[in-house]
Amino acid sequence: MERCLCGQSGLTCEESMCRSCRKDAVVVHGQHLARLLSAIRYEHRGVTLTWTEASSHASAFTPRVSFLMPDVGDPQGPPHLFRGFAYWEDDQLIAACARGASDDEILSLALAMAHYALATLAIHELDEWYTYRSVQVYPPHRRDQHLPRDEDRGPDGNGAVVLWLAYTGPAHAEAGQVPDVPLMQAHIPVHRKDVAIMPRQALCMGATAIQVTPPASTITTSNQWTAPRDGEDVLAAALRDIHHTMVLSELSVVARNLTLAGSPAFAARPGSAEGDRLTWDAYLTYDG
């Protein structure tokens with residue numbers, strides 16, 4: 001499949017340019033692109049966003065996420081430094097420069113890439129810790145036959161949970177979806193003592209709603225219990241509702257702390273409209 005402007009294709013499906021054109025584009029546009037990307041920052045709660053250095057390799061200008069977190073196997077031990085997205089080889093940004101994209105268009109693409117990287121990492125870490133009776137509810141790793149270097153881990157390590165992000169312009173919000181019928185209290189088959197969550201995250205399960213407060217914060221995310229889907233077990237539905245609320249809580253943390261030129265780039269909550277900040281929404285599927 002021809003993808004490069006010269007008519008050649010990249011070496012892998014993740015590459016938007018052939019290696020020769022990419023090398024030339026980095027020489028011409030690399031310093032300018034690096035300056036643009038330096039305006040996008042994220043440093044919060046031990047999580048840091050960086051961009052790979054300019055080079056001719058396809059992983060240049062890719063968002064990389066490092067984070068300090070206790071190991072799930074030793075939750076009382078000291079935090080360890082982890083790095084995410086080792087599999088990404090994505091040259092969309094330098095390809096956009098070569099195609100004559102404006103600075104605003106490049107920054108919009110880079111923000112979306114950074115947002116996705118941080119959001120996916122948040123879900124991955126949440127899934128590492130989220131257990132019911134000591135068993136992971138949504139195991140964050142899956143076997144991927146296309147990755148022989150690590151056959152047990154998919155490209156972003158989120159198992160059956162798939163994240164979809166949608167964006168609209170500033171100060172624009174769509175009408176929210178009508179929620180499913182809430183479950184009655186007697187139909188909630190989950191006891192709080194059976195559920196383990198991320199360190200320092202707070203979870204409260206009420207009669208009609210779930211409330212989650214992220215670590216080092218007083219901002220609470222609330223979601224209603226929803227009816228099981230066709231043929232779904234009631235327990236599975238309740239565990240999904242808890243997970244969904246925890247994810248929205250962590251994604252709101254990401255949105256509040258991802259900055260462009262020192263100011264938050266995204267509205268603080270999914271679907272909200274806040275001045276000149278980008279409006280975003282998040283959707284989850286649970287079937288891989």
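**Aromatic pairs**

Start with the rings: this predicted model holds 4 aromatic pairs. Rings of Phe, Tyr and Trp (its six-membered ring) pair if their centres lie within 6.5 Å; planes under 30 degrees apart count as stacked, over 60 as edge-to-face and the rest as tilted. Select Y138 and Y286. Their ring centres are 5.0 Å apart and their planes stand at 40°, so this pair is tilted. Y138 sits in the loop between β7 (135–136) and β8 (162–168), and Y286 in the segment after β15 (279–285), so the pair ties together parts that are 148 residues apart in sequence. Helices (H or I, at least four residues) and strands (E, at least two) are DSSP runs, numbered from the N terminus. Y138 and Y286 are both buried; buried means under 20% relative accessible area, exposed over 50%, partly exposed in between (1.4 Å probe, protein chains only).

Next, select Y167 and F266. This aromatic pair is tilted, with 5.7 Å centre to centre and 40° between the planes. Y167 belongs to strand β8 and F266 to the loop between β14 (263–264) and β15, and the pair links these distant parts of the chain, 99 residues apart. Is Y167 buried, exposed or partly exposed? Y167 counts as partly exposed, at 33% relative accessibility. F266 is buried, with a relative accessible area of 1%.

**R240**

Select R240, in helix α4. R240 is buried, with a relative accessible area of 5%. Contact means heavy atoms within 4.5 Å. Leaving aside neighbours within four places in sequence, R240 is in contact with Y138, T226, A227, R229, E232 and Y286.

Show the strands β10, β11 and β12. They form an open sheet of 3 strands in the order β10-β11-β12, with antiparallel pairing. Two strands pair if DSSP finds at least two bridges between them. At the edges are β10 (202–205) and β12 (221–224), each of which pairs on one side only. From one strand to the next, the twist averages 15°. Axes are lines fitted to C-alpha atoms, for helices over the stretch in contact, and angles run from 0 to 180 degrees between N-to-C directions.

Strand β11 (residues 209–213) pairs with β12 in the antiparallel sense over 4 bridges. Which residue in β12 stands opposite Q211? The residue is S222.

Move to another open sheet of 3 strands, with the order β1-β13-β14 and antiparallel pairing. β1 (40–41) and β14 stand at the edges with a single partner strand each, so one side of each has no neighbour in the sheet. β1 pairs with strand β13 (residues 259–260) in the antiparallel sense over 2 bridges. Select R41 to find its bridge partner in β13, T259.

**The largest nonpolar core**

A nonpolar core is a set of buried Ala, Val, Leu, Ile, Met, Phe, Trp, Tyr and Cys residues joined through side-chain atoms within 4.5 Å. In soluble globular proteins, nonpolar side chains tend to be buried together. Select I40, L93, Y130 and L258: of the 69 residues in the largest core, these touch the most other members. Two or more residues come from each of α1 (19–37), β3 (47–51), β4 (63–69), α2 (92–98), α3 (103–129), β11, α4 and β15. Which element gives the largest share? It is α3, with 14 residues. Not counting residues up to four places away in sequence, I40 touches L49, W51, L107, A110, L111, A114, L258, T259 and L260.

**E53**

Select E53, in the loop between β3 and β4. E53 counts as exposed, at 69% relative accessibility. E53 touches A60 and F61, not counting residues up to four places away in sequence. E53 and G30 are 9.3 Å apart in space, C-alpha to C-alpha, and 23 residues apart in sequence.

**The whole chain**

Zoom out. The secondary structure of the protein chain comes to 4 helices and 15 strands. Of its 288 residues, 44% count as buried. Among contacts with a separation of 6 or more, 58% are between residues 24 or more positions apart.

**Notes on the model**

Residues are numbered from 1 along each chain as its sequence is written, and side-chain values use heavy atoms, with hydrogens and water left out. In this predicted model, local features need pLDDT of at least 70 and side-chain atom pairs count only at pLDDT 80 or more, while totals for chains, interfaces and linings use all residues.
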